[in-house]
Amino acid sequence: EGDILAVALSVKGAIPERQPLDLTAIIDVSCSMEAEGRMEYTKRGLNQMAGQLERGDRIDIVMFDDSKCVPLENYVVGRDDPALLTNTIASLRPKGGTDLDLGLREGYRVAKSHAETSGRNRRMMLLTDAQLNTGDVNPNTVTEIGKAFDGDGIRLTGVGVGRDFNDKVLDMLTEKGKGAYVYLGSEAVVDRIFGTGF
């Protein structure tokens, strides 16, 4: 009587079985990605991500500046040569302007092209500083594609690269796509996001 008893409770939710991943990575390779080590952060993160993938995961890589390019499509872990993925990441070089709308639409086209998606974790990951300067530069219209991602069951993650990324654009895009965005501003943050547990 008169004593104080402290009780700590720990509640752990069920951990669902991991589904095979369908990931379309849309990567900004415009000139502005050269500043602040943005391209180095991007490559570091993508290389760490590659080490976290499991057999059967499927990866697409879409690059954009003021044009679009799909250097890697329908790459399947355990089926295809790992050098295809690592060489694609190594080849990323900043050039040109930033047509985010073009990159998003191409990424959506590639993600939608896969026929077998049942029981798979469908993801879209956009890595960009979101400094729109060519093509459609209106954030309100550019971000509308987020609704299409959500409607097709594709979860969107925005990755803002560098200290000077346009968080307004990523916030609008991920809100419409019912996703979220994170920020890469140092090697430590890159390692935390893309390292163990990606």
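A residue is called buried when its relative accessible area is under 20%, exposed when it is over 50%, and partly exposed in between (1.4 Å probe, protein chains only). This tour uses that definition from its first stop to its last.

**The whole chain.** The model is predicted, so local features need pLDDT of at least 70 and side-chain atom pairs count only at pLDDT 80 or more, while totals for chains, interfaces and linings use all residues. Residues are numbered from 1 along each chain as its sequence is written, and side-chain values use heavy atoms, with hydrogens and water left out. Of the 198 residues, 44% are buried.

**Ala130.** Select Ala130 in the loop between strand 4 (121-128) and helix 4 (139-142). Is Ala130 buried or exposed? Its relative accessibility is 0%, and therefore Ala130 counts as buried. Its phi is near 55 degrees, a positive value in a residue other than glycine. Most residues other than glycine have a negative phi.

**Lys178.** Next, select Lys178, in the loop between helix 6 (167-176) and strand 6 (180-184). Lys178 also has a positive phi, near 50 degrees. Lys178 is exposed, with a relative accessible area of 56%.

**Helix 2.** Now select residues 82-90, which form helix 2; Leu85, Thr88 and Ile89 are buried there. Why do these residues lie on the same side of helix 2? They do so because they cover an arc of only 100 degrees around the axis, the arc being that of the directions from the helix axis to the C-beta atoms. Helix 1 (38-52), strand 2 (58-64) and strand 3 (68-76) are among the elements that cover them.

**Helix 1 against helix 2.** Lys43, Leu46, Asn47 and Ala50 in helix 1 meet Leu85, Ile89 and Ala90 in helix 2, where contact means heavy atoms within 4.5 Å.

Notes:
Helix = DSSP H or I, 4+ residues; strand = E, 2+ residues; numbered from the N terminus.
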